[in-house]
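Me: I am just starting to read protein structures, and I would like a close look at one single part. Please pick one spot, tell me how open it is to its surroundings, and then lead me from there through the rest.

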Amino acid sequence: MKSRYDVVVVGAGPAGSITAQTCAEGGMDVLLIEKRQEIGDPVRCAEGVGKDALIKHIQPDTRWIAAEVKGSRIIAPDGTRILMSGDAAMKDVGYTLERKVFDRVLAQRAAMAGAEVMVKTRATGLLRNNGRVAGIKAMYMGDVHEIKADIVIGADGVESKIGRWGGIDTTLKPHEIEACVQFLISNFDPGEYSEFYLGEKYSPGGYAWIFPKGGRSANVGIGVLGSKSGNIRAISLLSKFIETYIPQGRIVEIVVGGVPVTGPIKQTVTDGLMLVGDAARQSDPLTGGGITNAMDAGKMAGEVCIKAREKGDFSVRSLKEYEDKWRSTIGKEMSKSLQVKNLLLKLTDEQLNQLAHSLDGVDVSKMELGKLLTVLIKKNPRLLWGLRTLFK
Amino acid sequence: MSVNVNRYKCGYCGACVGVCPVGALELVETWLEIENTCTSCGICAKICPVGALLVVK
């Protein structure tokens with residue numbers, strides 16, 4: 001470790017590693033730190049990812065693809081099933097990842113591009129110069145080091161401190177987080193589709209999922225909206241769900257996690273600092289999916305870092321380009337998702353059943369989510385009035 | 001004022017850290033550190049996916 005870098009990236013998840021890789025490939029001097037001693041473990045994720053969004057960044061590799069899925073199945077509270085396989089070009093088909101391997105591979109790619117990587121190294125504060133962010137304080141093996149940098153990247157996930165230290169309030173309110181528990185269930189054939197169980201029956205303000213994980217196993221989990229958690233907990237709902245629907249299933253792993261469902265936040269950059277991934281609350285507020293948004297954001301942030309160095313300007317004026325970019329791309333989708341989520345939250349289980357039944361006789365199997373919602377809005381104008389301008 | 005962590009239940013997911021309004025929590029590998037700035041507001045205990053936190057008034 002040196003005492004100065006062009007860029008210090010805090011957190012070696014997908015957002016941080018892609019940012020570090022992009023910066024290093026652009027010739028910047030980069031340090032990527034991870035507070036855990038093992039990158040990618042323990043997992044806090046359902047590991048589902050869309051094929052198209054993923055292959056923009058990395059070619060699929062059997063080392064970290066646990067299963068390929070043909071599409072999604074949405075299950076209404078009364079058991080009505082809606083099958084979605086994406087369009088004819090198989091656009092929406094996806095994978096279930098092995099994050100323990102995937103995250104490490106992404107960090108290794110950053111390392112091979114020239115970034116320095118330090119594990120078991122935890123950021124404990126920011127350095128400032130004339131009030132501006134100028135690096136971090138980091139603890140490694142009990143000793144605190146001061147590491148100067150032109151730009152600090154906060155890729156420190158749901159528990160992000162970098163933003164707060166830099167004056168960006170990223171505190172999640174209870175209604176902005178899904179409290180999730182997942183079991184890796186063995187002795188069970190989940191089929192070839194990812195399943196989403198909607199309604200209060202399964203989870204208040206969230207959903208239950210079954211994502212095939214390969215070899216007769218699946219990630220089975222439940223997220224509960226934080227504001228509805230307390231007397232009801234994700235862990236007890238999940239145990240009940242598995243007893244009811246997968247009684248033969250055997251739990252071989254427990255995964256716990258909080259997923260930001262805030263939607264686009266107002267500020268993600270300040271002088272000498274950018275936030276990416278879950279730290280910037282860039283997970284999709286409807287699905288909770290955050291991997292590819294994080295990778296997209298990491299790429300954009302890295303590119304803006306390179307430009308900032310060319311200009312020699314690390315102020316918010318220069319870094320704002322990153323914020324404009326993510327907001328006009330992944331941010332747009334997040335805004336739509338937030339509106340759909342807010343409307344779904346208001347619907348009763350009976351109304352959700354009604355929506356599912358309105359698709360009787362309609363072949364939605366080849367539709368993308370946007371098209372499916374358009375059909376739903378047409379058939380249920382009263383229930384879905386608030387969404388009419390979203391999907392055209 | 002503080003929160004008690006049931007270490008036998010905690011899944012060290014860090015969700016509590018993200019919701020703490022005063023930044024009093026920090027997750028280090030598998031254990032949670034609680035600073036004395038904790039106000040016992042109870043938000044962390046409410047959202048904990050496994051119910052590992054108990055508010056101490």
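Reply: Let's start at A:N130, which is exposed, with a relative accessible area of 77%. In these terms a residue is buried under 20% relative accessible area, exposed over 50% and partly exposed in between, using a 1.4 Å probe and protein chains only. A:N130 sits in the loop that links β9 (121-129) to β10 (132-140) of chain A. Its phi is near 50°, a positive value in a residue other than glycine.

Before we go on, here is how to read what follows. This is a predicted model, in which local features need pLDDT of at least 70 and side-chain atom pairs count only at pLDDT 80 or more, while totals for chains, interfaces and linings use all residues. Residues are numbered from 1 along each chain as its sequence is written, chains are lettered from A and ligands numbered from 1 in the order in which they are written, and side-chain values use heavy atoms, with hydrogens and water left out. Helices (H or I, at least four residues) and strands (E, at least two) are DSSP runs, numbered from the N terminus.

B:E29 lies in the loop between β2 (25-28) and β3 (31-34) of chain B, and with a relative accessible area of 22% B:E29 is partly exposed. Another loop, back in chain A, runs between β2 (30-33) and β3 (48-50) and holds A:P42. The peptide bond from A:D41 to A:P42 is cis, with omega near 0°.

Now for some buried places. A:N219 belongs to strand β15 (residues 217-225) of chain A and is buried, with a relative accessible area of 1%. Its side chain makes a polar contact with the side chain of A:E47 (2.9 Å). A polar contact is a pair of N or O atoms within 3.5 Å; within protein, one must be able to donate a hydrogen and the other to accept it, and residues adjacent in sequence count only if both atoms are side-chain atoms. The side chain of A:N219 also reaches the backbone oxygen of A:A46, at 3.1 Å. Leaving aside neighbours within four places in sequence, the residues in contact with A:N219 (heavy atoms within 4.5 Å) include A:T96, A:Q182, A:W209 and A:K213.

A:S337 is part of helix α8 (residues 330-346) of chain A, and A:S337 is buried, with a relative accessible area of 10%. The side chains of A:S337 and A:D284 are joined by a polar contact of 2.7 Å. Not counting residues up to four places away in sequence, A:S337 touches A:D284, A:P285 and A:L286.

Next comes a place where you can see the two chains touch. B:P49 is in the loop between α2 (43-47) and β4 (53-56) of chain B, and B:P49 is buried, with a relative accessible area of 1%. Apart from neighbours within four places in sequence, B:P49 is in contact with residues of both chains, among them A:A179, A:R233, A:V256 and B:C13.

Finally, step back to the whole chains. Chain A contains 10 helices and 18 strands. Its radius of gyration is 21 Å, close to the 21 Å that the globule rule gives for 392 residues, so chain A is as compact as a globular protein of that length. That radius is taken over C-alpha atoms, and the rule is 2.2 Å times the number of residues to the power 0.38. Of the 392 residues of chain A, 58% count as buried. Among its contacts between residues at least 6 apart in sequence, 72% join residues at least 24 apart.

Chain B has 2 helices and 4 strands, and from the N terminus on they run β-α-β-β-α-β. For its 57 residues a compact globule would have a radius of gyration near 10 Å, and chain B agrees with 10 Å. Buried residues make up 51% of chain B. Along the principal axes, its C-alpha atoms fill a box of roughly 25 × 20 × 15 Å, and the C-alpha trace of chain A spans about 65 × 45 × 45 Å.
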